[in-house]
Structure formats: structure tokens, C-alpha cells
Amino acid sequence: MLGSSYNPKNVIKLNELVEQFSRTVYQIFIYSSKLMAIPPQLADRLQLDAWKQFEKIVPETLSIANNIIDISLDDIERGDGLLSKLQDSITSRNCIKRIFADFIIAAGDTTAFGTLWCLYLLAKNQAVQSLVRNEIKGDYLESPLIRGTVRETLRMFPIAPFIGRFLDTDAIIGDYCIPKNTLALLSLYTAGRDEGNFYSPNEFLPQRWLRRDDKNLLFTPFSANASLPFAIGSRSCIGRKIALFQMQYFLSKVLNKYKLTVLNETAVEAELKLISVPNTTIELAFRELD
């Protein structure tokens, strides 16, 4: 809802800034992926091109975020959204800006690409799409298959494909003895596609996540802990609940209204740009249901 100071020009400006912000955040992911294996001090000393571009794009992104918050706080009447909750809890506008920037940079493209992978897999698997649509019946909150669709998508295409942790103690993992303070990386993509963890790991089967009446026993082996798209423990993703809510809500709305088909002639694969993104443009057709 817009307040008494509502200015149409500010709304237009806000929309332009949000679009610009999205583009610059994506650039951060691109340059970050190129610098993943390089210590920042070394990248700075060598003045690598990716580092110089990264240093340029981050302040630009933060400046756009600041402008978005200024317009939103000055021109939009308070409601019950996230921004109002932040205002209730935090008096400093600068703190609100920092939280907003962190939240959107971390959550914007990750949720968007996760949803895109969901749409692609549903469009590619018509039988599964019909199965999920028939169960929704307008209520995504009561649809285990919608939840299963998101979990299955993130098993096959985890947005953050690695979890990294420094070991607190010496550990034996498989045939390897790993000393304390070693950085251990878990490949979620590999674990999720391992036939030792999941039945037919390269097949899109959202129903494998149904636990009622032990239906998941039809898809043995099944190891839920081999798919941890939001990580686990005290450093797990703080935005897990809102991300799942957004994805499930959006998918239910789309499936209730449209039939999805894929227009790509060849299979789309994942490539790593800090997060898992399609290696080509995903082309989908949305046709209204009869």
C-alpha cells in the first residue's frame, strides 16, 4: 500500500532500481565464481581482471540497494511486510540497508534459479507435471507433492552445490584420516546423484519424498541426508523457510493455470557460477489449461 507521500515517479524509479539491482547481483556471482580458488590477498596483489571487476560491481550493488531502501522507507506506507518488520526491530536505517543487501544478494538469484530448475523439470516430465497438478487442488500448503517437487529439484540441481566446513577434531571419513582444522567440502551434486543414496538418481521423481504409508520404500535406496540443499546445523541457510514457501506457492499458482512444455531441443545441464545455473537459456511454453 502506498502512503500519502505516494509519487508515481518514485514507483517507476523503484522498479528500475530493482531490475538494475538484480543484474548487478548476478554479476557478483559470475566474478565470485572465477575467484573461488584464489585467496583475496593474492587476487588483489596480482590485480586480476575478475578481482577488479568484483571490486567495482560490489560498491555499485550496495549503492543501488541503499537507493531502493531510501525510496521504500520514504514513499511506501508501512504494512505487514519484511521491511516493516525490520523497522519495528531496528532503528538504524543503515542497519536496515545492510540487512536488505545481504538478504537479497544471498536469496535473490538462488531462489530464482531454484524455481527455474523446478519449472524446467516439470515441463520436461509431463506425467509428473500432471500428477503434481492433480494433487494440488488449489492448496499448495497441503500438497506433499509440491514439497517433494522442490526437494527433488534441489537434489538434482542444488543451487549451492558444495558445503564447506572446517573440522573441529580429527576424523575418519571412508578410507581417509582427515586432521583437525582441515577444510572439508561436500559435493551436494555428487551425493544427490549417487545411486548408492537414491534409486534412479538421474530421474525426476518427486514422489520419492512422500513418507506417508512408507511410499518412499518404493524408491530404495533412499537417503534424505544425502541431499542438504540448505546445509545443516548452526550455519544452515537462514532463509530456508521463506525460500521454500515462495517456490511452493509460485509453482502451485503456475500449475493451477498453465501446462508447461520445454522448447529446448537438447537437454539443459548445470554449470557452476558460484551457484548452479543452466548452461544455456531455458525456453518454456506456458499454455492456459482448458
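Student: Between which two strands is the loop in which N181 lies?

Tutor: This is a predicted model in which local features need pLDDT of at least 70 and side-chain atom pairs count only at pLDDT 80 or more, whereas totals for chains, interfaces and linings use all residues. Residues are numbered from 1 along each chain as its sequence is written, and side-chain values use heavy atoms, with hydrogens and water left out. Helices (H or I, at least four residues) and strands (E, at least two) are DSSP runs, numbered from the N terminus. The loop that holds N181 lies between β3 (176–178) and β4 (183–187).

Student: Is N181 buried or exposed?

Tutor: The phi of N181 is near 75°, a positive value in a residue other than glycine. Buried means under 20% relative accessible area, exposed over 50% and partly exposed in between (1.4 Å probe, protein chains only). The relative accessible area of N181 is 55%, so this residue is exposed.

Student: What is the relative accessibility of S200?

Tutor: S200 is found in the loop between α8 and α9. Its phi is positive, about 40°, although S200 is not a glycine. S200 counts as partly exposed because its relative accessibility is 21%.

Student: How many aromatic pairs does the structure hold?

Tutor: Rings of Phe, Tyr and Trp (its six-membered ring) pair if their centres lie within 6.5 Å; planes under 30 degrees apart count as stacked, over 60 as edge-to-face and the rest as tilted. The number of aromatic pairs in the structure is nine.

Student: Is the pair of W209 and F222 stacked or edge-to-face?

Tutor: Both residues lie in the loop between α8 and α9, so the pair ties together parts that are 13 residues apart in sequence. W209 and F222 are both buried. The ring centres are 5.1 Å apart and the planes stand at 75°, so the pair is edge-to-face.

Student: How far apart in sequence are the parts that Y258 and F286 tie together?

Tutor: Y258 and F286 form an edge-to-face pair, 5.8 Å centre to centre with 85° between the planes. Y258 counts as partly exposed at 23% relative accessibility, and F286 is partly exposed at 39%. Y258 lies in strand β5 (residues 258–262) and F286 in strand β8 (residues 284–288), so the distance in sequence is 28 residues.

Student: Which residues touch the most other members of the largest nonpolar core?

Tutor: A nonpolar core is a set of buried Ala, Val, Leu, Ile, Met, Phe, Trp, Tyr and Cys residues joined through side-chain atoms within 4.5 Å. The largest one has 48 residues, and those that touch the most other members are L122 and V132.

Student: Which element gives the most to this core?

Tutor: Several elements each supply at least two residues, including α1 (8–34), α3 (49–75), α9 (240–257) and β7 (275–278). With eleven residues, the element that gives the most is α5.

Student: Which residues does V132 touch, not counting residues up to four places away in sequence?

Tutor: Contact means heavy atoms within 4.5 Å. On this criterion, V132 touches L122, L145, I146, T149 and L255.

Student: Which residues of β7 are buried on its two faces?

Tutor: In a regular strand the side chains alternate between the two faces of the sheet. Both faces of β7 are covered, with I275 and V277 buried on one side and, on the other, S276 and P278.

Student: Which residue is in the turn between β6 and β7?

Tutor: Two strands pair if DSSP finds at least two bridges between them. Strand β6 (residues 270–273) pairs with β7 in the antiparallel sense over four bridges, and K273 stands opposite I275. The two strands form a hairpin with one residue between them; with a positive phi of about 70°, the turn residue is L274.

Student: Which backbone oxygen does the side chain of S252 reach?

Tutor: S252 is found in helix α9 and counts as buried because its relative accessibility is 3%. At 2.7 Å, its side chain reaches the backbone oxygen of Y249.

Key: A polar contact is a pair of N or O atoms within 3.5 Å; within protein, one must be able to donate a hydrogen and the other to accept it, and residues adjacent in sequence count only if both atoms are side-chain atoms.
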